[in-house]
Amino acid sequence: MKTTRKCRALISVGLNFLALFFSITAFITSYWCVGTQRVPKPKCSKLRTHQCIDYGVNETDPNKVVYSWETGDDRFLFRQFHTGIWFSCEENINDEREECRSFIDLAPASEKGILWLSLVSEMLYILLLMVGFSLMCLELVHSSNIIDGLKLNAFAAIFTVLSGLLGMVAHMMYTQVFQATVSLGPADWRPYNWDYGWSFCMAWGSFTCCMGASVTTLNSYTKTVIEFRHKRKTFEQSLREERGREAFGYYRERSVSKDVDDDDDYPPPGGRTPPQGGRRSSPAQQGSSPSSLDLSDTTGSLGEEQC
């Protein structure tokens, strides 16, 4: 029982640690959504001679107009961008650096309240995961004490389940805010196409590990309680059987000793016992004369006549 319980506790701690690591990584990175943005090509210059549009005039003949035959998507550049909870970063078309903006400023005014709720939920999600992880580690320390381990196990399961629910709500709210920002956000930011990035996958992977840890912890708690009750029931049953055997032996000894005492009270088989409660008639009484009997009969008859 002790070994299996410790193994279950180790599995719960491992899953909770993965959930905590994934959630913190997703929270501080900005790759929840990635894609491309379509921006107009800049004007060509002496420093930039490619990926640009030349609107200049012919140097040999200033009166001759130079036309640009680029149409459709050829007039635009497609730059990569990635967005997280805090920041949205895009490629700079003029150099290799990135330009980052706050995603809170990019979100529509009608969605900022939901975005703040998502941020608070993500923070509480990480905080409750840390509390659950600490309780699971304490349970490993108190593995020898079953009662304390059960209490820590129950609280760890409660905190882990609550953190998983908060994480799920936070991820869904952020997805809603991002989709609204794609449609209603600034025109210079709206993506041409986009998809979910590895930070988003890590966030939902954290939720999966969190729920796995909570289920494992609840399973460990339930199994420990059932095993403890079964052992207690078996112990009580064996105790009752032992007491029953002791009582049976005691009464058996009492009955044997009582039978021996009763046998001592009876005389041997060859002897004769006088009748109890009666007296032997004396020889004088046995040898009484008939005259005395007649006198008593006469006295009795005279009494009846007088009556």
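A disulfide is a pair of cysteine sulfur atoms within 2.5 Å. This is a predicted model, in which local features need pLDDT of at least 70, side-chain atom pairs count only at pLDDT 80 or more, and totals for chains, interfaces and linings use all residues. Residues are numbered from 1 along each chain as its sequence is written, and side-chain values use heavy atoms, with hydrogens and water left out.

**Stop one: the disulfide.** Select Cys-89 and Cys-100. The structure holds one disulfide, and Cys-89 is joined to Cys-100 with an S to S distance of 2.0 Å. The S-S torsion is about 105°, so this disulfide is right-handed. Cys-89 sits in strand E3 (residues 87-91) and Cys-100 in strand E4 (residues 98-102), so the bond ties parts eleven residues apart in sequence. Strands are DSSP runs of E, at least two residues; helices are runs of H or I, at least four; both are numbered from the N terminus.

Now colour by accessibility. Buried means under 20% relative accessible area, exposed over 50%, partly exposed in between (1.4 Å probe, protein chains only). Cys-89 is buried at 5%; Cys-100 is partly exposed at 46%.

**Stop two: another cysteine.** Go to Cys-209. Its sulfur lies 8.8 Å from the closest cysteine sulfur, in Cys-210, too far for a bond. Cys-209 is buried at 13%.

**Stop three: Thr-181.** Select this residue in helix H4 (residues 146-184). Thr-181 is buried, at 0%. Leaving aside residues up to four places away in sequence, Thr-181 touches Phe-103, Leu-106, Ala-107, Pro-108 and Trp-189 (contact: heavy atoms within 4.5 Å).
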